[in-house]
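I opened my notebook for a friendly walk through one structure. Here is what I looked up, entry by entry.

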Amino acid sequence: MKRKTKAIHGRGHDEYSFNRGLASPVSPSSTFTFGSIAEAEAAFEGRSSAYVYSRGRNPNLEEFEEKMALLEEGSYSVSFASGMGAIATLLLALLGKGKSLAAHPVLYGSSHNLIAGILPDYGIRTTLLDLRDEENLIRLKKDGVDVVYLETPCNPTLEILDIARIRECLGPEVKIVVDNTFATPMLQQPLALGADFVVHSCTKYIGGHGDALGGIVIGRDKGFEAELRFGFMCEFGAVMSPFNAWLFNRGLKTLDYRMKGHCSNAMAIARFLEGRKGVRRVYYPGLPSFPGHELAVRQMEDFGGMLAFEVEGSEEQSIQVVERLELFKLAVSLGDVESLVEHPMRMTHRSYSEEERLALGIDKSLIRLSVGLEDPEDLIDDLDRALEVIA
Ligand SMILES: *Cc1c(COP(=O)(O)O)cnc(C)c1O
């Protein structure tokens, strides 16, 4: 079966349906009952597949997890209360005192804060360095780094990192974790390219409607599932709610079509901005002028719905552009049917020092767009009108 069909039907069995309903029911039960101690013991020892308690396993979470593992070509997945719940739990499960992690420096703001600001306090050595530079990769391998963490496309400058090349340079020992939130499994398959783990903020494209927080880890090695689920997810407790799992499962059914719409709208907007007076630079992997374009063509099936641009003007003018937009709502988050706009330096990337920001090209006039599913002509008109303050 193709991915588009799997996103709708999963494995095709109706184990999760109720009274032959097309949609599965929400199973809000926190606990599940047993007829005898023998039945309970069989569940505790894993000899039966009976549910025990929803912090460990729940039918709605399982239905969603099964589909996500299929779509990402993994062997299992574990869902969490949020993307950060997934990322923090996975990194703490893989690392500990004396272990080391290296990450590409352009990151989601909270991931940056977790890696650069929090993990070192637990005795984990962390470094941020350019993973596009092969000398850095060779040095990491030589130094015996334990985990390498990256996003591609990166937030907010959309840099593209070569997952297969990173795996090749690091060798098989290093665990590679890829945040696939921007691309979704419809556009990019990190596990097939050599990653060990994929993480998502389901809050974004997977849910797609800005109405539920959630996260997920998809793994390749089934042997690690029980440890991640019962040794860490259960004990840290950042578990996804059954209703959110139900919403994400529903979101998956339209993910392929939504991604097609996000990509074609973003491409139209990127082309418009590239030719618009008053715009200095457009960051979109689909533009042939973008430095990561060729790699994106090889690694991704399409270029996604996120883009960023710098205005030719002061920080103040870029803020005016953001505030003049009407269809693009001023908000963090992304991946919703509604178009969103934000100012990375003033909003999502505040945890970066000025020096870091400048080195990474997060300019003071950089504006990030999450392109929604409105008519692209209306979105372009909105941008054109807002840009009148520049030229
Ligand atoms: C939003 C986001 C996260 C964090 O997810 P939450 O669901 O908000 O906790 C992590 N990585 C990326 C790329 C994101 O966009």
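Predicted model: local features only at pLDDT ≥ 70, side-chain atom pairs only at ≥ 80, totals over all residues.

**Entry 1**

Residues are numbered from 1 along each chain as its sequence is written, and side-chain values use heavy atoms, with hydrogens and water left out.

My strands (E, at least two residues) and helices (H or I, at least four) are DSSP runs, numbered from the N terminus. I call two strands paired if DSSP finds at least two bridges between them. Strand 5 (residues 175–179) and strand 6 (residues 197–201) are parallel partners, with 3 bridges.

Next I looked up the whole sheet: it is open, has 7 strands in the order 1-7-6-5-4-2-3, and its pairing is mixed. Strand 1 (76–80) and strand 3 (125–128) are the edge strands, each pairing on one side only. On average, neighbouring strands of this sheet are turned by 20° against each other, direction ignored. For angles, I use axes that are lines fitted to C-alpha atoms, for helices over the stretch in contact, and values run from 0 to 180 degrees between N-to-C directions.

Helix 4 touches strand 1, strand 2 (100–103), strand 4 (147–151), strand 5, strand 6 and strand 7 (215–219), and its direction makes about 155° with that of strand 6. Helix 5 (residues 109–118) also packs there, touching strand 2, strand 3 and strand 4, at about 130° to the direction of strand 3.

**Entry 1: the ligand**

Which residues surround the ligand? I found Ser82, Gly83, Met84, Ile87, Tyr108, Asp179, Thr181, Ser201, Thr203, Lys204, Gly214 and Leu334, counting a residue if one of its heavy atoms lies within 4 Å. Helix 4 (residues 83–94) gives the largest share of this shell, 3 residues. By class, I listed 4 nonpolar, 6 polar and 2 charged residues; here Ala, Val, Leu, Ile, Met, Phe, Trp, Tyr, Cys and Pro count as nonpolar, Asp, Glu, Lys and Arg as charged, and the others, Gly among them, as polar.

I then looked for polar contacts, pairs of N or O atoms within 3.5 Å. A polar side-chain atom of Asp179 is 2.6 Å from a ligand nitrogen. A ligand oxygen is 2.8 Å from a side-chain N or O atom of Ser201, and a polar backbone atom of Met84 is 2.8 Å from an oxygen of the ligand. Taken alone the ligand exposes 380 Å², and the protein buries 94% of that (Shrake-Rupley method, 1.4 Å probe).

Most residues other than glycine have a negative phi, and most peptide bonds are trans, so I went looking for exceptions. Thr152 and Pro153 are joined by a cis peptide bond, omega about -10°. The bond from Asn155 to Pro156 is cis too, with omega near 10°. Pro153 sits in the loop between strand 4 and helix 7 (163–170), and Pro156 is found in the loop between strand 4 and helix 7. Asn19 is not a glycine, yet its phi is positive, about 50°.

Technical notes. Polar contact = N/O pair within 3.5 Å; in protein donor to acceptor, adjacent residues only side chain to side chain. Contact = heavy atoms within 4.5 Å.
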